[in-house]
Structures are given as structure tokens and as C-alpha cells.
Amino acid sequence: MASSTPTVSFFGHTPLTPTQSISTSSFLAGDESISIIPSFSHPNPLGLISGTVGPFRAGMDTSVPLWLAVMLRKRKLARIIPPHWMDVEVLKEVLRFERDPREANFSPLLPFRHAEISQSILMACKAGGGDCEIVDGDKIKLLLEDIATVRMDKIRKNVHTLSSQLLSRSSRVQPIIDVTNIGSLEMHAVKSFVVESFRMHRELSGTGSAYSDRNVQDGSQQGAAGGVEAAGRGRLRASRLVRQEEEMEVPRPLEEIEAEEEEDEEMEEDDGGRSRLRRHR
Amino acid sequence: MPSYYDIDTILAEEELIQIRPSFPFSHLSHLDPESSNRKRRRVDKENVGNSRTSIRGGGHVLEEGTKIKMPMWAVDRWVVLGFVRVTLPGIYGSKMKERLLADPVSVDLGSKNSHYFLTGLLLTSLLQRASQIAKRHRSRSASSPASQLSNLAQSLQLSLLTTMMGERLRRNFDWTLSALDAMEDDASGHVEKLSFLEKRMFERGVESSGAVVRWRDGGCGRIGGKGVMKGMAA
């Protein structure tokens, strides 16, 4: 049931606060498939919006979305079969992998939303009462916390390495940070800061928005063709108090100016009542 | 980032830049605060023994090479067209660069200039534009120091990049991760030394890591439609 690629955000490009993003992530984790052993029977499959689940036969395991499994568990209508990675030995292996200094990446054994899924299952078992089907639930919880701490430390070291080796240098090549197998929660924790850092790096390197002109080293190769266009980018280009840069920089021949003025006068004679301000450039 | 209507950009452009005219500017002697004193001293020397005290004639010109300080937004066009020679403010000078290279974390940019990086970014853009135009007019005006402007812009850009993306970024990131974990650690001492852009990064990082900590402690409630719809409407 490992889900390696995150699903598309339900809210599209709606800007969400970090709290909303994490809530959204928890909501989307509910779509993960999980096995349950129902204590009731229902011969007909249930037609849901996301798909069909069932039929349910008491004592026979079946695969349902996590949200349904949690709901049935809270009502003591089913027992959850924990995913294969929610096991003490597997988590110890993951922790050993994360602590290994030779391993720069994250362990592939955990799914993308492992934190949300594990919390949902543990809370559902606790709320539902009765014998908990999660053996050593407290140990699993502690191991998951240790793994989160070690992974966050690994992220911190990666960002430090990125800062010292790539971000503090001006480069035409965009720096890349490898987040393969990162968890959803870890991504939410560092996303805002890292995204802002990359954006600042682009601005300060001269490859960002309108206020960052290209590095002058490349400007000499562009020559005059790019010079005016690049020079035109700037705050005062939008100002109504300043004329266009081309007009100010390149003096126009007197004949051209006189020809334009004659054209304007002719047009005014035809138009009659139009404003004379057009003559003034 | 910089925008015409952004208040922080407007504040960043208020930074005073020292300039020196490349030729005499008529009727702009009032830009030099010392010009009236100089005129008075000159008239006193000329009129020693005379009863006349009026100041007239030839006193309205801002002489070539006079050092004056003006806001960046006011001299933008002059610098681009090469009418003035620009000197970087002291906070971007060599002494400051040395201090930042030696110990970037301890430098209190918040008190020196809270818009340090934003002003530097705008200044770099200004110098690069001036350099590019100076190159185009190289054959027409031999006095345009295109290469000087270009070198100035590059060194400033590199200094800003090294300062912001180096040790200060790493320390800022560490504080965002630990600001909410250890209640006894007070981040205010760190935040006071940050510039505006660094503070913004810090606040966003703290908001994110804080949201994760709150989720771990209390889970998450129902997703309210009101908050999301409000965000979509905005």
C-alpha cells in the first residue's frame, strides 16, 4: 500500500496556510487503501464517489479507504490490519537506515503520508477501545517520532550543504535539492523556508523577476540587441513621469522629428477638435 | 519581491546614494547643503571692505564633482544615463564586506538597514542597467565607465548572495526548526539582527514548523469550508 507519488491537491492552486496544508494532507491520506476484517456482512458492494468497496463478509479481510476503515473501527464494526511498514522490526530497520551517515537519501520503506496514516490508525484504535490490533502501539509511536527527528536532522544537514555549496554562489544553473522519499509532514515543515530561499537565490543571482537583470557577463555577449530591452526593465519604466528609454537614449534625426510634426499638423487639420497634446512627445 | 506599489520597495529606494555630477548642473546648487555657506564665504572674500552683501550671479550651478547624497529613486535616471558617478553607500562598502565575511551571523543588519538586501538588489539592478547603456554609448561618450559600473554591480551582487545565502541562512533555518520546540530558547535576539527579507523567511519557516508541531500534538480538526472559501475568494 505504499504510495510513492503524492496525489494532486484537491484545492488546485488555492494558496493555503501551513495549517490548512497539513489538514489537507491528512484529508488526502484518508484515500489510501487499507485492509480490514469486518465484523458484519453486507453482500452488495457499496458504490461511493471514489469507487466501489465491498462486499463485506464477517471475518474475511477486504480493502477499503482509510477514512472508511477508521470510521468502522471507531464503531467497532471492523478490525484494522496495519500496513506492513507499521511493524516494530520494519521501523527499526528504517531508523537504522536513517541514522546511517552513508545514506544521504531517505528510506524508501515508508510511504509519503506515513505520519498521517499511522496517526489515524493509532487514534482510531484508541478511540474504538477494546483489544488493540496494533501490537506494541506505543513502541511504534516512539519509533516513528525517532524517525521523524532523525529525518528532520538529515534535512537540516542537506539544506546546510546546499547553502554552503550552491546557494551562496552565483550560478546560471538552478540548484536542486533531492527530496526523494521525503514524508509529507517533513515537506510541509520546510517547504515555505526552502521555497523562499530558492526564490531569493534567483533574485540575487539575477535570474528572478523584473528587478533582476541578467548577469553583466552575459550582457556583453547579447550586445546592443539585448541592451535596450534589458535596460528597459526597471521600476521607472512604468512611471508616467518618465519617457520611454529608447526615446531618451537614441537621439532622433531632426528631419524625422520635423516629418512627424508635419504629419501631426495634417492630422489635426482633418480632425479639428482633437487635443493638441499629441504633438508633444 | 520588488514591485512598484510595494511599501517595502518604496522604503528600500529611500536609501541615500552618494553621487558626483559628471558636468555642472544648472539651477541645482540647492541640492548641495554646503552650497549656501560656500557662496557666503566667496561673497565675503570678494566684498571685503565693501558694503554690499547681496549674493548674485553664478551661484545656482551645482559644480562638477560635488559630492551630494540623494535617494535612490531620485537619481535612478541620472545614474542610468551617466550624468552622475555613483559611490556605494557605506553599508555596501569594503569594511562592511570584511565584517560580513569574518562573522556574518553577528552583524546586526536589522539596525543598520532593515532593507539591506532589498536595497542592494535594487542598487545592483540600477548599476547593471547603467552599465549596459554605457556600453551602447561607448563610441559617443568616452566618459561612461561601463566596466567600472559592471564590476561594481557584480561585486555587490556576489556580496549580497554570499551574505544572505551563507551562514546567515543556515542559522536562520536552524532557528525556524527549533523556535517552537524548546520553549526556553528565546528567538528574539536572533530576529532583531535580521533584515526584512530574512525576517520574512524566518516567519514563514516558523509558521510551517509550528503547524507541524501543533498537528503532532493535537491532530487536526475538520477542514472548515469558510476559511478555504475565503482564501479562494481572495
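Start with chain A as a whole: among its contacts between residues at least 6 apart in sequence, 64% join residues at least 24 apart. Keep in mind throughout that this is a predicted model. Chain A has 10 helices and 5 strands. Of its 281 residues, 41% are buried. The chain exposes about 16100 Å², and carbon and sulfur atoms supply 53% of that area.

**Stop 1: helix 2 of chain A**

Select residues 66-74 of chain A, which form helix 2. Its buried residues are Leu66(A), Leu68(A), Ala69(A), Val70(A), Leu72(A) and Arg73(A). What do these buried residues pack against? Their partners are helix 1 (18-29), strand 1, strand 3, strand 4, strand 5 (78-81) and helix 4 (114-128) of chain A. Show those elements together with the helix.

Then select Lys76(A), which follows helix 2 and has a positive phi, near 55 degrees.

**Stop 2: the loop between strand 3 and strand 4 of chain A**

Select Gly54(A) and Pro55(A). The peptide bond from Gly54(A) to Pro55(A) is cis, with omega near 0 degrees. Most peptide bonds are trans. Pro55(A) sits in the loop between strand 3 and strand 4 of chain A.

Next, look at aromatic rings. The structure holds 7 aromatic pairs over all chains. One of them is made by Phe40(A) and Phe56(A): the ring centres are 5.2 Å apart and the planes stand at 40 degrees, so the pair is tilted. This pair links distant parts of the chain, 16 residues apart. Phe40(A) lies in the loop between strand 1 (33-38) and strand 2 (46-47), and Phe56(A) in the loop between strand 3 (52-53) and strand 4 (62-65) of chain A. Are the two residues buried or exposed? Phe40(A) counts as partly exposed because its relative accessibility is 22%. Phe56(A) counts as buried, at 4% relative accessibility.

**Stop 3: Asn181(A) and helix 6 of chain A**

Select Asn181(A). This residue is in the loop between helix 5 (137-167) and helix 6 of chain A. Asn181(A) has a positive phi of about 70 degrees although it is not a glycine. Most residues other than glycine have a negative phi. With a relative accessibility of 31%, Asn181(A) counts as partly exposed.

Go on to Ser205(A), in helix 6 (residues 184-205) of chain A. Its relative accessibility is 3%, so Ser205(A) counts as buried. Which backbone oxygen lies 2.8 Å from a polar atom of the side chain of Ser205(A)? That oxygen belongs to His201(A). For a sense of scale, select Met60(A) as well: Ser205(A) and Met60(A) are 145 residues apart in sequence and 61 Å apart in space, C-alpha to C-alpha.

**Stop 4: the sheet of chain B**

Move to chain B, where 3 strands form an open sheet in the order 4-1-5 with antiparallel pairing. The edge strands are strand 4 (68-71) and strand 5 (84-87), each pairing on one side only. Neighbouring strands of this sheet are turned by 45 degrees against each other on average, direction ignored. Strands of a sheet pair through backbone hydrogen bonds.

Select strand 1 (residues 16-21) of chain B, which is joined to strand 5 by 4 bridges. Here Arg20(B) stands opposite Arg85(B), and Gln18(B) stands opposite Thr87(B). Strand 1 of chain B is also joined to strand 4 by 4 bridges. On that side, Ile19(B) stands opposite Ile68(B).

Now show the side chains of strand 1. In a regular strand the side chains alternate between the two faces of the sheet. In strand 1 of chain B, Ile17(B), Ile19(B) and Pro21(B) point to one face and are buried.

**Stop 5: the ring cluster of chain B**

Select Phe23(B), Phe25(B), Trp78(B) and Phe83(B), which ring pairs link into a cluster. Phe25(B) and Trp78(B) are both buried.

His27(B) is not a glycine, yet has a positive phi of about 60 degrees. At 61% relative accessibility, His27(B) counts as exposed.

Notes. Residues numbered from 1 in each chain as written. Chains lettered and ligands numbered in written order. Predicted model: local features only at pLDDT ≥ 70, side-chain atom pairs only at ≥ 80, totals over all residues. Heavy atoms only, no water. Helix = DSSP H or I, 4+ residues; strand = E, 2+ residues; numbered from the N terminus. Buried < 20%, exposed > 50% of the residue type's maximum accessible area, 1.4 Å probe, protein only. Polar contact = N/O pair within 3.5 Å; in protein donor to acceptor, adjacent residues only side chain to side chain. Pairing = 2+ DSSP bridges. Axes fitted to C-alpha atoms, helices over the stretch in contact; angles between N-to-C directions. Contact = heavy atoms within 4.5 Å. Areas by Shrake-Rupley, 256 points an atom, 1.4 Å probe, with all protein chains shown as cover. Phe/Tyr/Trp six-rings, centres within 6.5 Å; stacked < 30°, edge-to-face > 60°.
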